[in-house]
Amino acid sequence: MIVNSTRQVITRSPHRTVGMINSPYFQSKPIVYESQLERAFVQLCLLCPGVRRIVAQPFKVNLDPAKKRHYTPDYLVELEDGSFVVIEVKILERIAKLERRFNQINEILSNRNFSFMTADETQLYSDEKEKHVKEILRYVNWQVDAQVQKTILNKLQEIEGKAVSFTHLQTQAQCSAEDLLHLIATRKIFVTAVTPISELFITKPISGVTHGLNYFSTWFNFALWGADLPVSPAT
């Protein structure tokens, strides 16, 4: 059984990082995190194409009603194609110790059409992704002239292929790097992966393409619980 969670997630503690990420350009409700690892996940999620909504600790799953044992997921992510994925953010060592419980949770969730994945430090901190995403999100509040934004979006549509380098688009649109970073940070345009700014590639919007679980899995390099690799190459 799945029920709505009423747990208050923001509690001060000297032993962990807690807070909220406000992203009104994306969703009206702030996104809570309870560790630096969770914050890294949320920030990366904010740049991922196809993510429609992020909910912290969205509901409770009854694991053993007789003993009143339940599980509260870290995050529920709604994707562009209408699918839902539950994400548990833990250090890798902790995930290994919880394998039996996660097997049970995965079975319960899959019976209700929720996918289940885990995220650990080897994925969220690899290639300094946490550092690079923070560099991009610094420009959320940058102001871009409306005509400049229109020019950038038009030039992006005109470019051949599925993606274009950050520097090439900047040259073609004759805009500043800050202008492009603001559009990336506020989800007006999207990158193929989080890298150093000079190595970013921006995806060209393609009419009719919907990003779902396959894309999400590959973009993050997450696997469905019980699988060894992401679902399939991004589509």
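Author: The structure holds zero disulfides, a disulfide being a pair of cysteine sulfur atoms within 2.5 Å. Cys-45 is in no disulfide, and its nearest cysteine sulfur, that of Cys-48, is 6.0 Å away. This is a predicted model, in which local features need pLDDT of at least 70 and side-chain atom pairs count only at pLDDT 80 or more, while totals for chains, interfaces and linings use all residues. Residues are numbered from 1 along each chain as its sequence is written, and side-chain values use heavy atoms, with hydrogens and water left out.

The part to look at is helix H7, residues 166-173. Helices (H or I, at least four residues) and strands (E, at least two) are DSSP runs, numbered from the N terminus. The buried residues of H7 are Phe-166, Leu-169 and Ala-173; buried means under 20% relative accessible area, exposed over 50%, partly exposed in between (1.4 Å probe, protein chains only). Seen down the axis of H7, these residues fall within an arc of 70°, so they line one face of the helix. The arc is that of the directions from the helix axis to the C-beta atoms. Their cover includes helices H6 (146-158) and H8 (177-185), and strands S10 (163-165) and S11 (201-203).

After H7 comes Gln-174, with a positive phi near 50°. Cys-175 is buried, at 11% relative accessible area.

Helix H8 contains Leu-180, which is buried because its relative accessibility is 0%. Beyond its neighbours within four places in sequence, Leu-180 is in contact (heavy atoms within 4.5 Å) with residues including Phe-166, Leu-169, Cys-175 and Ile-202. The C-alpha atoms of Leu-180 and Ile-202 are separated by 9.6 Å.
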